[in-house]
Amino acid sequence: MLNEVTDKIVNVDQARSAGAKKLVEVNGRVQPGNRVVVVTDGTMPQIASDIVHAATGRGARVSLMEMPERGCDGQEPPGDIAAEMKLADVIFSPVRRSITHTRAMRAALDAGARAILMTAYTPDVMKSAALLETDFEAQIDVCRRVGKAFTEGKELRLRSPHGTDLRFSIAGRVANVLTAIPSPGELAPVPTIEVNVVPVYQTAVGRLVADASVPYLGIGVLTSPITCEIADGYIQSIQGGEQAERLRNDLESHRDRNCFNVAELGVGLNPHAELTGVMLEDEGVLGTIHIGIGTSLTLGGEITAPTHYDLLMWHPQIEVDGQLIIDNRKILL
């Protein structure tokens, strides 16, 4: 029995190390001499250590920056860490609470950093098919086609069999094409592969029925739908069961209307991702979309808020300027 247990532990460690190696070499494209900053909050020390080890093995100059765990997603990192991020070639962020939608991350991207986002990573994500088996480069073409449709489009309509019917303008917006292999100035929520676009402020109107997951606040995979009525770009009401109440109570607790801003539409495009309740895998599941609410600044919008949460739904149909471009898992471009 001891040998069986030991073998299992070794196999898990090997898989986790393989995940770190892929994140560093394939997704981060870390090169000798690169300045790599690993930002962590002490909640996943082994994963942070694996990234440091893999990056050091590539000949990079690596800084491990540890901060206290943030109180909520979107809270700014300390000033010294923000300054270090701004000097980085590549950032890895194994943290429990997201620092993606922060001014510090925006400044680092503007300075040319490549960011590998690792919010709420677990050993399961490190050894998942979504990370280890996905050929990220093979998905680049479809990502670019969807991104081109969003960037060139003016009006978007989102529907689903479960009652979603949401419209908004995307005129003048530039899509974020997240291939999981970022260039300088780009971020990648690996193993998610997605393309997202920010609605023009105050143009979103209609109904959103989230029936897949809300991978924040401990909500995870949904046991009953969450229905949001939307007008003038903001969620006006949130209805559903206990999970809907948890979301609504958190948003209201911040006493900031911008928490209800419709900030993003993102399309999942990773064929190996599965719905688990973990943000960085859920948002890449092929056959889902997510509507981000709250901060849009990091994605190219104008709004800042104390939060940014994503509400996922199954079986989307997306029209751009009246043309159906996505029908569930089919990309019609």
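Q: How many aromatic pairs does the structure hold?
A: This predicted model holds two aromatic pairs.

Q: Why is the pair of Y201 and Y234 called edge-to-face?
A: The ring centres of Y201 and Y234 lie 6.0 Å apart and their planes stand at 75°. Centres within 6.5 Å make a pair, and planes over 60 degrees apart count as edge-to-face; the pair of Y201 and Y234 is therefore edge-to-face.

Q: What makes the pair of Y201 and Y234 a tie between parts of the chain?
A: Y201 belongs to the loop between β9 (194-197) and β10 (205-210), while Y234 belongs to strand β14 (residues 234-239), so the pair ties together parts that are 33 residues apart in sequence.

Q: Why does Y201 count as partly exposed?
A: The relative accessibility of Y201 is 32%. Buried requires under 20% and exposed over 50%, with partly exposed in between, so Y201 counts as partly exposed.

Q: How do you know whether Y234 is buried or exposed?
A: Y234 has a relative accessible area of 2%. Buried means under 20%, and Y234 is therefore buried.

Q: Why is the pair of Y216 and Y309 called tilted?
A: The rings of Y216 and Y309 have centres 5.2 Å apart and planes at 50°. Planes under 30 degrees apart count as stacked and those over 60 as edge-to-face, with the rest tilted; the pair of Y216 and Y309 is therefore tilted.

Q: Which parts of the chain does the pair of Y216 and Y309 link?
A: Y216 is in the loop between β11 (213-214) and β12 (220-221), and Y309 is in strand β17 (residues 308-314), 93 residues apart. Both Y216 and Y309 are buried.

Q: What sits over the ring of Y234?
A: The charged end of R257 sits over the ring of Y234, at 3.6 Å from the ring centre. The distance limit for such a contact is within 6 Å.

Q: What is the volume of the largest pocket, and which residues are closest to its centre?
A: The volume of the largest pocket is about 400 Å³. Its lining has 21 residues, and A175, N176, V177, L178 and E186 are the closest to its centre.

Q: Which element gives the largest share of the lining of the largest pocket?
A: That share comes from β7, with three residues. The elements that give two or more residues to this lining are α4 (103-110), α7 (140-152) and β7 (176-178). By class, the lining has eleven nonpolar, six polar and four charged residues.

Q: What lines the second largest pocket?
A: The second largest pocket holds about 270 Å³ of space. Its lining consists of 16 residues, with R96, R97, T119, A120 and P215 nearest its centre.

How values were computed
Residues numbered from 1 in each chain as written. Predicted model: local features only at pLDDT ≥ 70, side-chain atom pairs only at ≥ 80, totals over all residues. Heavy atoms only, no water. Helix = DSSP H or I, 4+ residues; strand = E, 2+ residues; numbered from the N terminus. Buried < 20%, exposed > 50% of the residue type's maximum accessible area, 1.4 Å probe, protein only. Lys NZ or Arg CZ within 6 Å of the ring centre and 35° of its normal. 1 Å grid on protein atoms, 1.4 Å probe; cavity = no way out; pocket = protein on both sides within 12 Å on 5 of 7 lines; lining within 4 Å. Points joined across faces, edges and corners; volume = space filled by probe spheres on them. Nonpolar A, V, L, I, M, F, W, Y, C, P; charged D, E, K, R; others polar.
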